[in-house]
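The following exercises are to be worked with the sequence and the structure at hand. Each task is followed by a solution in steps.

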Amino acid sequence: MAIRASVPKALALILLAPALAQAQPAPDAATAEVHAPKERRLEGGEHDGHLFREQHAILSTGEVAYGIAYKACVDPAHGDQVVPLEGYLGMPQPCSCNWYHSGFLFISLNGRDIGTTPLSSMMATETGQRGILDMVWHDQAADVRVRFVALPGADWLGCEVAIDPTVETTSVAIGLRCYPSFFTAWHNRDGARRIQTPSQLIEQGDDVTIPVAENWWGVYYDEIFDVAKGEGSGPCAMLVLPDDASDVRFAPGSYAVSTTITCPADARRVRLAFWDLKGMTNEEALAQVRAEADEVRATLEGADFTPRAVQQFDVAEVRESLERALANESIREALADRIDEIQGWLEQQPAEAGGEADVEDIRGQEQLLQSIDDYNSFKWHVKLLELIHGL
C-alpha cells in the first residue's frame, strides 16, 4: 500500500530506513534476480500459433552467475496443463551446453513428470548473504518446490527439491540432462563423452545403474572437446547427497548425456549441487570437484536453506500491529483496505503462534513469501501513523 500524500516524506524515509538498509546487499554478496516473463507465438509444428512462455532468473555467487530458465507452451488449447517442448527447467548460463539451457532438470513422481503442471510461482526469496530462487508447482501428486541457492564465493549452485505429497507416493526420481563441453551432433562432430564418479569411469555408450553411496558426484566431460586441446567450453558436474537417493543411472550418449537419480518413495527433500566449469580443462575440473566435494556435501547436509525473511518473520508483531490499528479509529480508517487482508491471514495461524509463522509446508511458505513485504510494510505503516497522530 502506498503511503498517503499527506504523510511527510522525510518521516516516512526515516521510519523505512532500517528496512531499506537491510535490503542492500554487501559487496561480497550472493544475489538472486528474477526477470519478467516473456511470451511469444510459436511457428510451425503441432504447436503452431500456440502461446509459449519463458522466464529467466540469475543467481550470482560473486564468482559465477548461474542462469535458470522456465519454458513451456501455455496455450489454452492444453486446458489446465502446459506442454514443455525440450524441457521446462533449463540452465542457460554460464554456457548453453553443459547443463542444458532448455531443460536440464526433471522431476518425476509416481512415474509421471511434473512438467505438464503449470508453474505456480518463480520468486527471488533472498539476496545478500545468500541468493535464493524458489520455483513451485502444485502438481496432482504433490506440492513441489525447487529451491536454488547461491553462496558467496562458491563456484557451484545448490539445489533443494522439496515434496509435500497430496496422494500416496510410490516413486520419486530426478532426471538430469547435459551436453558436456560441446553440442557435438548439432555441429556434425563426434565426441568422447565421459563421466567420472568417486568410484568409476563411465564411457560414452555405457548405460549403468549404480549405488549412489559410492557414486554421489559425477564430472561430465568430453575427451575430444577439452579446453586443453583448444576445443569445447569445459566440463560440468553434479553432486547428490547419498542419504537422499539410492541409485543413479548414467547414460552418456554421443550427444546428450542422461542421468536419473532414484530416491526413496518417501523422500521429501533431495539436495544437489551443480557446477558449470566453463573455461576449465578436463584435468582442472576433475581436480577441483574432487577437492571440493566433501566440503560441498557437508554444506548441503548442514545448512538451513529456509529464506531468512521466513526465519525472521514475526507473527506476534504483525498481530500486535493489527490490534493497535483496530483500536485507533484514525489508523483503522487509513488502513481499511489492508486490515481485512492481514486479519484473514492471521486467522490461519495458530492462536498460540509466537514469533514463527506456520510455514513448514511448501504452500504455506510460498503464500507467506508472496506477501511478506506487504505484512512488513503494514507494521511500518501502523508505526508511522501512530507518530503522525501523536500516539
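**Exercise 1. Salt bridges across the chain**

The count of salt bridges comes to 15 in this model, which is predicted.

Task: Determine which residue forms a salt bridge with D139, and where the two residues lie.

Solution. 
Step 1. The partner of D139 is R112, and the closest N and O atoms of this salt bridge are 2.7 Å apart.
Step 2. D139 belongs to the loop between β10 (131-138) and β11 (142-150), while R112 is in strand β8 (residues 112-113); the pair therefore ties together parts that are 27 residues apart in sequence.
Step 3. Burial is judged from relative accessible area, where buried means under 20% and exposed means over 50%, with partly exposed in between. D139 has a value of 5%, so D139 is buried. R112 has a value of 21%, so R112 is partly exposed.

Solution. 
Step 1. D134 is in strand β10 and R147 in strand β11, 13 residues apart, and the pair links distant parts of the chain.

Task: Explain why the salt bridge of E231 and R189 ties together parts of the chain that are apart in sequence.

Solution. 
Step 1. The side chains of E231 and R189 meet at 3.0 Å, N to O.
Step 2. E231 is found in the loop between β17 and β18, and R189 in the loop between β13 (172-179) and β14; the pair therefore ties together parts that are 42 residues apart in sequence.
Step 3. E231 is partly exposed, with a relative accessible area of 24%. R189 is also partly exposed, at 34%.

Task: Identify the residues linked with E126 in a network of salt bridges.

Solution. The network links E126 with R130 and R308.

**Exercise 2. The sheet and its helix**

Task: State the strand order of the open sheet of 9 strands, and name its edge strands.

Solution. 
Step 1. The order is β9-β10-β11-β12-β21-β18-β17-β14-β15, and the pairing is antiparallel.
Step 2. The edge strands are β9 (119-126) and β15 (201-203), each of which pairs on one side only.
Step 3. From one strand to the next, the twist averages 20°.

Task: Describe how β14 is joined to β17, and which helix packs on the sheet.

Solution. 
Step 1. Strands β14 (residues 193-196) and β17 (residues 217-222) run antiparallel and are joined by 4 bridges.
Step 2. Within this pairing, R193 has D222 of β17 as its bridge partner.
Step 3. Helix α2 (residues 282-302) packs on the sheet and touches β12 (156-165), β14, β17, β18 (236-240) and β21 (269-276). The direction of α2 makes about 160° with that of β17.

**Exercise 3. A loop residue and the confidence of the model**

Task: Locate E360 and state its exposure.

Solution. 
Step 1. E360 is in the loop between α6 (336-347) and α7 (362-388).
Step 2. Its relative accessible area is 67%, so E360 is exposed.
Step 3. E360 and T306 are 54 residues apart in sequence and 9.4 Å apart in space, C-alpha to C-alpha.

Solution. 
Step 1. The chain has a mean pLDDT of 87, and 81% of its residues reach 70 or more.

Definitions and conventions. Residues are numbered from 1 along each chain as its sequence is written. This is a predicted model: local features need pLDDT of at least 70, side-chain atom pairs count only at pLDDT 80 or more; totals for chains, interfaces and linings use all residues. Side-chain values use heavy atoms; hydrogens and water are left out. Two strands pair if DSSP finds at least two bridges between them. Axes are lines fitted to C-alpha atoms, for helices over the stretch in contact, and angles run from 0 to 180 degrees between N-to-C directions. Contact means heavy atoms within 4.5 Å. pLDDT is the predictor's confidence in each residue, from 0 to 100. Buried means under 20% relative accessible area, exposed over 50%, partly exposed in between (1.4 Å probe, protein chains only). A salt bridge is a side-chain nitrogen of Lys or Arg within 4 Å of a carboxyl oxygen of Asp or Glu.
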